[in-house]
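Let's take a walk through this fold, with an eye on charged pairs and on one helix-helix contact. Have the structure open as you read.

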Amino acid sequence: MSSLDQLSTFALGSRSVRRLGYGAMQLAGPGVFGPPKDHDAALAVLREAVAAGVNHIDTSDFYGPHVTNQLIREALHPYGDDLVIVTKIGAKRGEDASWNPAFSTDELTAAVHDNLRNLGLDVLEVVNLRIMFDVHGPAEGSIEAPLTALAELQRQGLVRHVGLSNVTATQIAEGRRITEIVCVQNMYNLAHRQDDGLIDDLARDGIAYVPFFPLGGFSPLQSSTLNEVAAGLGATPMQVALAWLLHRSPNILLIPGTSSVGHLQENLAAKDIVLTDEVLAKLDGVSAA
């Protein structure tokens, strides 16, 4: 029996996935650009994740670019029937490793075909449209044109389900008028909780919420309260932060990333941490602080 077999699940489109998944971004080189420092170690992390019961992997062909998808294919293809690979489009990398919008119909079409080729798939299970009006966070603006282009690729049978990333509530409502939205991927963690209301709204509608940077991303979470709670539980602060997210709402699907097998195992062990009401009250105060 794999270590995640008893973990709760949530619907992701027409599939059901365990709520602790894996994000492949950190498998690329520094700045999510270029090849990994240790190719064999990257393959080992992917294989260990699946062996442990992870059946939701998040990636993108602009990680590297192309690097993480090619690693996923090398490590895991042919894929198990229960594995759901979610990718995203809407950005491209400059030669200086910059992150740039790629919203035109031609760019989005090319991105879907790049993902299909590098992952070795005939259809992409879920494609998130990453909105790039502001690289650092959601910014208002119509997403009708790029989402309509992605919906056309869905009608062609290249994409099964559509999600949105880096979006506002207004953009989600606009998107749902164009096509079914099965997940939303925004920045959210114990200290950055601007989407609290949105998460609850999506939960009521059965839509998955997938927080990126669940552990703080390029600036890891730092909190004396978190450290104290972790010490009392005999866990790491990052394990407690993940456990809090699992408790926060049943529609939250986690995709913490790492390039280390040991760190992967630590992340997955967060499912075993029990948070009492008293501990939750302390942790809920971290954002206010």
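A salt bridge here is a side-chain nitrogen of Lys or Arg within 4 Å of a carboxyl oxygen of Asp or Glu. Keep in mind that this is a predicted model, where local features need pLDDT of at least 70, side-chain atom pairs count only at pLDDT 80 or more, and totals for chains, interfaces and linings use all residues. Residues are numbered from 1 along each chain as its sequence is written, and side-chain values use heavy atoms, with hydrogens and water left out.

Start with arginine 155, which pairs with glutamate 152 in a salt bridge whose closest N and O atoms are 3.2 Å apart. Both sit in helix H4 (residues 144-155), three residues apart, or about one turn of the helix. Helices (H or I, at least four residues) and strands (E, at least two) are DSSP runs, numbered from the N terminus. Arginine 155 counts as exposed because its relative accessibility is 58%, while glutamate 152, at 34%, counts as partly exposed. The cut-offs: buried is under 20% relative accessible area, exposed is over 50%, and partly exposed is in between (1.4 Å probe, protein chains only).

Lysine 88 and aspartate 58 meet through their side chains in a salt bridge (3.0 Å, N to O). This one links distant parts of the chain, with lysine 88 in strand E5 (residues 84-89) and aspartate 58 in strand E4 (residues 56-58), 30 residues apart. Lysine 88 is buried at 3% relative accessibility, and aspartate 58 is buried at 3% too.

Aspartate 5 and arginine 18 form another salt bridge (3.1 Å, N to O). Aspartate 5 lies in the segment before strand E1 (9-12) and arginine 18 in strand E2 (residues 15-18), so the pair ties together parts that are 13 residues apart in sequence. Here aspartate 5 is partly exposed at 30%, whereas arginine 18 is buried at 15%.

How many salt bridges does a search of the whole structure find? The count is 14. Arg193, Asp196, Asp200, Arg248 and Asp284 are linked in a network of them.

Finally, look at helices H7 (residues 224-233) and H8 (residues 237-248), which pack at an angle of about 95° with their axes 8 Å apart. That makes H7 roughly perpendicular to H8, a label for angles of 65 to 115 degrees. In H7, Leu226, Asn227, Val229, Ala230 and Leu233 meet Pro237, Met238, Val240 and Ala241 in H8, where contact means heavy atoms within 4.5 Å.

Note on methods: Axes fitted to C-alpha atoms, helices over the stretch in contact; angles between N-to-C directions. Parallel < 35°, antiparallel > 145°, perpendicular 65-115°, else oblique.
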